[in-house]
Amino acid sequence: MKLQVLLPLMLFGLLTVIAIIVPASEGIAVNRTQQLTLQRATSMDQIVQRAETAVAADDASGLERYLERFAETYGEAAMVVDSEGQVVSAVGGIELDPQVASLVLAASRTVPQRSISTIYPWSDDTHLVAEPFANGASAASGAVVLEVNQTEAKAQITGWWALVALAGLLLLLLLFAASQFWTSWVLRPVRALDAAANALAEQREPDLAAATGPLELRRLSSSFARMSRGVEDALEQQRGFVAEASHQLRNPLAAIRLRIDALPRDESEEAALEAVGGDLDRLEHVVDRMLVLADAEHRATAEASGRRTGFADGAAREHLTSAAMLAAPHEERFREEGMRLRFDGHEEIRVACRKSDLEEIVETMLDNARKYAGEGASVTIRFAATPSSGWSAAAPGEGEPDGAFDGRSQPPEAFEAFEIDGPRAVLEISDDGPGVDEDELAQLGTRFWRSPSHRSLPGTGLGLAIVGELARANRATVDYDRAPEGGLRARISLVRTW
């Protein structure tokens, strides 16, 4: 914004300086030219008088002596020509060439060629002028041609122009300094607002006390300060409420569970008490997941603002992993429940993601698959760097054990369509279960949202929301669509390091 304000000021200042120095420079050139013209007009009158005398007396000796003194004084050439075109006297290097002859002809017709064009630093060093003379008759008796030396005048004009240009440059620099000060003063509240906005995004206390500038912008700074305090208070209250409510709920839940466990039971009441216990378990699970979600959201906000205080940083955020490593802790449980967990390859890729976060993301996605894919379903984990080639998601062939792919077919279409910037690695988890309807895909990851077909099954509706916040805390993205096998496919794009 500073450039947008400063540029018009400097453009206006430049035009103003040009409007001042151009007429001043032109005036200097015109004035010096007039001085030279008047000086040579006086000299020309002296030569004309002596030329008239010399032609009348037919004696050019006096004229020649004067022209020699004139040439020594001014360093200029001169020539006197009579009415017949014959040279009466000459000094210097003037020759009777066509240009001189033209001047003589014009002067002999009583048309003096006395004017000198305005002299500029790039003008010629000499300029020819001519003046007729008469010997008591109306007709001209001849003409005087003078070669005016403009070198000294050009040097003086150049010097004066340099001084004018220097004065213009100094004026422009002074204007630039004043414009810089003015622009900085005007934009100081804007810069303070920008710093305050960044501080608010990074959950720091914004400082607008020192903001100065125009009254309107100072008022805007004060309004922003009040707004930021309100936003910060609201965010702090929200975080505090979630944490405190979750912790406070644990005590009455524990007390209720103790009382239920202490109640005398008979066979008729056993089922009811077990149902109450199940509800308590579900409520405790919801409280735990809310705490996990609140922590993930807080960390994701800190990561998005560039502030990672309190979290793993640098090398601690990077680790090597593979599809086999991610699937290994869950294979036994899937086998016990009659489901198949398959993975693609053993290639290890270094990703910039906290190991515990990635393990929790995988665990949550696999738990969802176990609950909703159905008995006997197959779940696949694929993990590869992008762009990738020469690997596949082909099903195991005959004689191959579950959990190993051959890695010889085409790359999965998910990796071809996933457009991301920079080196990334994509983790894909898909199943061949019923999945969700197309119009429900956009709702996945919304807090407490569950598909109508899944509401009879245990769950809190917070799992995918936690996955999204954990991914955001590690600069990753999550995308859901329908898997080629028919179920749900989740793709997590992670930052890959070398």
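Analyst: One aromatic cluster is made up of Y120, W122 and W161. The model is a predicted one, and a search of the whole structure finds 4 aromatic pairs. One of these pairs joins Y120 to W122: the rings are stacked, with 5.0 Å from centre to centre and 10 degrees between the planes. Are the two partners buried or exposed? Y120 is buried, because its relative accessible area is 19% and the cut-off for buried is under 20%. W122 counts as exposed, because its relative accessibility is 63% and exposed begins over 50%. Another aromatic ring, that of Y66, has the charged end of R50 sitting over it, 4.2 Å from the ring centre.

Next comes the sheet whose strands are numbered from β1 to β4. This open sheet has 4 strands in the order β2-β1-β4-β3, and the pairing is antiparallel. Its edge strands are β2, residues 87-91, and β3, residues 126-133, each of which pairs on one side only. From one strand to the next, the twist averages 10 degrees. The antiparallel strands β3 and β4 are joined by 8 bridges, with β4 covering residues 142-149. P132 has A143 in β4 as its bridge partner. Helix α2, residues 61-74, packs on this sheet and touches β1 (77-82), β2 and β4. The direction of α2 makes about 25 degrees with that of β2. Helix α3, residues 98-108, lies across β1, β3 and β4, and runs at about 35 degrees to β3.

Helix α1 spans residues 2-57 and contains L6. L6 counts as buried because its relative accessibility is 10%, against a cut-off of under 20%. Which residues does L6 contact, leaving aside its neighbours within four places in sequence? They are F176, S179, Q180 and T183. L6 and T183 are 177 residues apart in sequence, yet their C-alpha atoms are 6.4 Å apart in space.

Strands β6 and β8 run parallel and are joined by 5 bridges, with β8 covering residues 378-386. D344 stands opposite R382 in β8.

The last topic is the nonpolar cores. In soluble globular proteins, nonpolar side chains tend to be buried together. The largest nonpolar core here has 44 residues, and I381 and L427 have the most contacts inside it. Not counting residues up to four places away in sequence, L427 touches L326, L358, V362, I381, R382, F383, A490, R491 and I492. A second, separate core has 27 residues, among them M44, A54, L146 and I157.

Definitions and conventions
Residues numbered from 1 in each chain as written. Predicted model: local features only at pLDDT ≥ 70, side-chain atom pairs only at ≥ 80, totals over all residues. Heavy atoms only, no water. Core = buried A, V, L, I, M, F, W, Y, C linked by side-chain atoms within 4.5 Å. Buried < 20%, exposed > 50% of the residue type's maximum accessible area, 1.4 Å probe, protein only. Contact = heavy atoms within 4.5 Å. Pairing = 2+ DSSP bridges. Helix = DSSP H or I, 4+ residues; strand = E, 2+ residues; numbered from the N terminus. Axes fitted to C-alpha atoms, helices over the stretch in contact; angles between N-to-C directions. Phe/Tyr/Trp six-rings, centres within 6.5 Å; stacked < 30°, edge-to-face > 60°. Lys NZ or Arg CZ within 6 Å of the ring centre and 35° of its normal.
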